[in-house]
Amino acid sequence: MQLVLQIIANGLLIGGLYALLAVGLTLIFGVLRVVNFAHAEFMMLGMYGAYWLWALYGLDPYLSVFLVTPVIFLLGVAVDRLIVRRSIGKPDVTVVFATLGLSIFLQNAALTLWRADIRSVSTFATGSVFVVGGVRLSVAMTVSFAVALLFALALWIFLTRTMYGKGIQAVAQNRRAAALMGIDVKRAYMITYSVAVAAAGAMGVLVAPIFTIFPRVGQTQIVTIFVIVVLGGLGSVPGAVIAALLVGIIRSGAGFLFGTAWGELAYFAVFLLVLIVRPQGLFGRRGAEVYGG
Amino acid sequence: MIALHEASITVEEGETVTVLGANAAGKTTLLNGISGLVPLRHGTILFNGESIENLPAHERVARGLIQVPEGRLVFPFMSVEDNLRLGAFTPRARVHLKSSLERVYDLFPRLPERKAQLAGSLSGGEQQMLALGRGLMALPRLLMLDEPSLGLAPLLVQEVMDRVARIRAEGVTVLIVEQNVNQTLKFADRGYVLENGWVALSGSAAELGASDEVRKAYLGM
């Protein structure tokens, strides 16, 4: 029993971190109809931000997250202006190449600037654990998990309880009609993209004490994140959170029972099964992938 | 492709003006050009004496230039009330959100009964009422209606046209594109006939209703 709880706890913790990436990716797709292949690269940049602020100034990631996140937000604004905005409404391949190209560019920029060395950050929390009911939890993971879920919750409240958030939802459901409501659709795109990549950056800072940092670290995560987004239902924020936790648990359970490689296989198997039964994903709406208006 | 070549139309405050024309005559393009959803190659749009043709769509809405689009385009996965609230998105309309909501619920008694329901689950007629109500929430200085009765059963067509007549009676300036020419001419002040992207005919509603061309082409007489 203890062991089962431990496996579930491990899965939930890692799943919560994925959730922060997945929520942004699903939101960008839902609102902009853009598949952001560069999403995990913003996490990588967040990790490097945390690393350099820690290495040069001794700043703890739990503090530097407040510095790095706004910077990544501004980077998101610039990327929207220079790349994303120009590809919207163009053929799908244009959108794919635009964000895929950005992904490759960012990876290689990181490689050029910071070399391929593997780096890591250690904080007061590194290596420390606490025990709840016999379950051992990493302090760093738990803090990151809590912050990730708080962020997802804040985003959800913004989207469903504020007028501007509803405006963004309106853009996702029908951009023509949204414009007729007086919503500045381009500005809604910019804010959505920037908030989403800032969340990825924040996630990067939070996992810097947990994962190793290298230029291609985003590529190790992006496939899992895509699986989560499609599993949860394209464009669904709660779907992304629940699918992230689910994938975390499946991975950790199957990984424990059959070995790590099987963990990967297991969540893909579940993914395929869900797609056969519910092609729109767990919380998705049929036809959500089709551009509405 | 150019759907609309040259169309000079005027709507005075408090007036109801209708634009008639066959399918693909350029009526929707005309409204979308005024709304700023499609760019204008040349020409000007004056609204309250201000030229607005270079403003993006949302800034035109902020000035009170409101369109209820063809096909209704309600936000399907949002509640009826959220749809209405979004109608009052602009700061000008938002300050009056509460009183506007009361007014719309008063005008369309079916909507308050369904306010928590998802807009996508409403019938076509109800969606049209919602789209009209959403347009009124914006406190329009000019309300442009694109085919409000399209695709509705005859009984509902009557109901929608009654509502439009009531909106007009409240003093809202209306520019309406409608295939239901007979009914529209009953409450419109003036009208234009659009043919292949050009204004072919214009005059008072009575004149248009009496013109042989209109009677033959649109009234089936």
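Visitor: Is A:Asp117 buried, partly exposed or exposed?

Guide: Welcome! This is a predicted model, and in it the side chain of A:Asp117 meets that of A:Arg115 in a salt bridge, 3.2 Å from N to O. The relative accessible area of A:Asp117 is 35%. Buried means under 20% and exposed means over 50%, so A:Asp117 counts as partly exposed.

Visitor: How many residues of chain B are in contact with chain A?

Guide: Let's look at where the two chains meet. Chain A and chain B bury about 2000 Å² between them, with 72% of it on carbon and sulfur atoms. On the side of chain A, the residues that lose the most area are A:Met163, A:Leu180 and A:Met181, together 38% of what that side buries. Chain A brings 18 residues into contact, and on chain B the number is 23.

Visitor: Which element gives the most residues to the side of chain A that touches chain B?

Guide: Two elements of chain A give two or more residues to that side: helix H6 (163-173) and helix H7 (175-180). By class, the side has 9 nonpolar, 5 polar and 4 charged residues. The element that gives the most, with 7 residues, is H6(A).

Visitor: How many of the residues of H6(A) are buried?

Guide: The buried residues of this helix include A:Met163, A:Ile168 and A:Val171. A:Lys166 is also among the buried residues of H6(A). Mostly covered, H6(A) has 11 residues, and the number buried is 8.

Visitor: Which residue of chain B forms a salt bridge with A:Lys166?

Guide: Across the interface of chain A and chain B there are 3 residue pairs in polar contact and 1 salt bridge. In the salt bridge of A:Lys166, the closest N and O atoms are 2.8 Å apart. The partner in chain B is B:Asp82.

Visitor: Is B:Glu126 buried or exposed?

Guide: The side chains of B:Glu126 and B:Arg114 meet in a salt bridge of 2.7 Å, N to O. The two are 12 residues apart, with B:Arg114 in the loop between helices H6 (110-113) and H7 (124-137) of chain B and B:Glu126 in helix H7 of chain B. B:Arg114 is partly exposed at 27% relative accessible area. With a relative accessible area of 9%, B:Glu126 is buried.

Visitor: How many residues apart are B:Arg168 and B:Asp189?

Guide: Their side chains meet in a salt bridge, 2.7 Å from N to O. B:Arg168 lies in helix H8 (residues 154-169) of chain B, while B:Asp189 is in the loop between helix H9 (181-187) and S7 of chain B. B:Arg168 is partly exposed at 22%, and B:Asp189 is partly exposed at 28%.

Visitor: In S6(B), which residue is the bridge partner of B:Val19?

Guide: B:Val19 belongs to S1(B), where B:Val17 and B:Val19 lie on one side, B:Thr16, B:Thr18 and B:Leu20 on the other, and all are buried. S1(B) pairs in the parallel sense with strand S6 (residues 174-177) of chain B over 4 bridges. The partner of B:Val19 there is B:Val177.

Visitor: In S5(B), which residue is the bridge partner of B:Gln67?

Guide: B:Gln67 points the same way as B:Leu65 from strand S4 (residues 65-68) of chain B, and B:Ile66 and B:Val68 point the other way. S4(B) runs parallel to strand S5 (residues 142-146) of chain B, joined by 4 bridges. The partner of B:Gln67 in S5(B) is B:Met144.

Notes. Residues are numbered from 1 along each chain as its sequence is written. Chains are lettered from A and ligands numbered from 1 in the order in which they are written. This is a predicted model: local features need pLDDT of at least 70, side-chain atom pairs count only at pLDDT 80 or more; totals for chains, interfaces and linings use all residues. Side-chain values use heavy atoms; hydrogens and water are left out. Contact means heavy atoms within 4.5 Å. Buried area is the accessible area (1.4 Å probe) that two parts lose on being put together, summed over both. A salt bridge is a side-chain nitrogen of Lys or Arg within 4 Å of a carboxyl oxygen of Asp or Glu. A polar contact is a pair of N or O atoms within 3.5 Å; within protein, one must be able to donate a hydrogen and the other to accept it, and residues adjacent in sequence count only if both atoms are side-chain atoms. Ala, Val, Leu, Ile, Met, Phe, Trp, Tyr, Cys and Pro count as nonpolar, Asp, Glu, Lys and Arg as charged, and the others, Gly among them, as polar. Buried means under 20% relative accessible area, exposed over 50%, partly exposed in between (1.4 Å probe, protein chains only). Two strands pair if DSSP finds at least two bridges between them.
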